[in-house]
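Welcome! Please take a look at the structure below, and then we will walk through it together.

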Amino acid sequence: MTLVLGVETSCDETAAALVRDGALAGQKLASQEDVHALFGGVVPEIASREHLRLVPRLVHSLMEEVGGAWSDVSAVAVARGPGLLGSLLVGVGFAGGLSLSLGAPVIGVDHLLAHLAAPGLEREIPYPCLGLLVSGGHTSLYFLRGPLEAERLGRTLDDAAGEAFDKAAKALNLPYPGGPLIEALSRGAEPDPAMFPRPYLDNDNLDFSFSGLKTAVLDRLSRAGGLRFPSMVPPGGPLPEASAELARFCASFSQAVADTLTAKVRRAMDRRPQARGIVLAGGVAANERLRRSVEEAARERSMEFIASSPKLCTDNAAMIAYTGWRMLQRGWTHAPGLAAVPRGRPTPADHVQAAVVRDAS
Ligand code: KG4
Ligand code: ZN
């Protein structure tokens with residue numbers, strides 16, 4: 001039996017999970033959304049302190065709930081980046097200490113790879129395939145040869161897709177993170193395809209640019225002043241009723257993001273015909289319009305569409321424990337002094353190869 005404990009602290013979610021022989025045995029998640037919502041985004045210093053407060057109790061209550069014995073833990077996997085450095089250091093420090101006390105190896109997991117591998121917890125992924133990772137900090141297209149092999153084909157040159165949602169939401173006086181709220185407000189409305197541009201498609205690359213969309217949102221709002229909520233909507237509470245006009249605005253914005261992402265996905269499909277499917281991953285992958293749009297592109301080419309259930313799309317520790325388990329299968333672990341990787345830096349391939357690969361069938 002191989003039992004991998006996963007810890008996630010890269011941004012504003014504190015999470016712990018256990019993966020037993022490749023299957024999820026249990027998970028705990030404490031979102032800090034409410035703490036950061038009033039600031040309109042994540043405050044790094046507050047995030048680190050909250051992680052420090054929450055990680056030990058989440059891990060303990062998870063072990064209790066699952067009835068796992070500490071001596072059964074084969075490895076401690078931790079998201080090492082990219083993310084907020086202060087937040088990552090809390091997780092990496094905790095995992096390093098725990099691994100020393102248990103005599104089990106620590107495994108540093110790339111948070112982006114983990115998002116892309118996460119659907120493997122629920123179904124088999126037909127590699128090689130394409131991967132579209134859309135989160136609050138990243139928007140990239142990949143060619144995936146396996147769960148641990150991702151070749152980046154394109155990336156955003158400015159804002160991430162989730163950031164575009166969050167900024168549009170902020171302009172409407174909606175709290176952070178605004179993506180799910182924009183989706184909720186847009187339900188049932190018919191998008192107007194002419195309301196927003198599909199930016200950065202007039203080129204032949206696989207990169208994205210969403211900053212123009214933000215400008216278009218602000219422009220539209222300044223012309224249609226009555227659209228935004230008059231004051232900041234309190235986080236966590238029920239959403240105020242949306243006018244038909246606001247619902248259409250939110251639907252049109254979501255569709256513009258979905259169309260723009262899907263246009264580059266189609267281009268990637270043309271360039272990598274050997275891909276058997278497309279993995280849609282990251283927080284924005286929870287968005288229904290985007291899911292439908294990418295699924296349609298996959299269907300046109302008889303490719304498989306693979307996306308996690310929405311709970312596994314946003315940040316979680318199940319994906320960290322699962323990717324850690326995949327690494328352990330290959331005998332990949334890290335030295336106790338594992339470095340955290342801040343945003344914007346590539347994750348180094350600095351794992352140590354164990355002489356004997358543990359049985360992780
Ligand atoms: O992957 P994630 O949980 O954290 C990062 O690593 O960034 O992604 C969070 C992002 C936020 O920008 C949030 O607004 C967006 O995902 N998001 C959504 C939806 N659910 C989360 N965006 C659009 N529609 C959704 N349903
Ligand atoms: Zn993430």
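## Contacts with the ligand

Let's begin with ligand 1. One of its oxygen atoms is 3.1 Å from a polar backbone atom of Gly 179. A backbone N or O atom of Gly 283 lies 3.0 Å from an oxygen atom of ligand 1, and an N or O atom in the side chain of His 115 is 3.3 Å from an oxygen atom of the ligand. The protein covers 91% of the 550 Å² of accessible area that ligand 1 has on its own (Shrake-Rupley method, 1.4 Å probe).

This is a predicted model: local features need pLDDT of at least 70, side-chain atom pairs count only at pLDDT 80 or more, and totals for chains, interfaces and linings use all residues. Residues are numbered from 1 along each chain as its sequence is written, chains are lettered from A and ligands numbered from 1 in the order in which they are written, and side-chain values use heavy atoms, with hydrogens and water left out.

## The shell around it

Helix H4 (111-117), helix H5 (161-171) and helix H6 (179-186) are the elements that give two or more residues to the shell around ligand 1 (helices are DSSP runs of H or I, at least four residues, numbered from the N terminus). Of the 19 residues around the ligand, Gly 136, Asp 166, Glu 183, Asn 287 and Asp 315 come nearest (a residue counts as near if one of its heavy atoms lies within 4 Å).

## An aromatic pair

Phe 196 and Phe 249 form an edge-to-face aromatic pair, 5.3 Å centre to centre with 80 degrees between the planes (ring centres within 6.5 Å make a pair, and planes over 60 degrees apart count as edge-to-face). Phe 196 lies in the loop between H6 and helix H7 (211-223) and Phe 249 in helix H8 (residues 244-271), so the pair ties together parts that are 53 residues apart in sequence.

Key
A polar contact is a pair of N or O atoms within 3.5 Å; within protein, one must be able to donate a hydrogen and the other to accept it, and residues adjacent in sequence count only if both atoms are side-chain atoms. Rings of Phe, Tyr and Trp (its six-membered ring) pair if their centres lie within 6.5 Å; planes under 30 degrees apart count as stacked, over 60 as edge-to-face and the rest as tilted.
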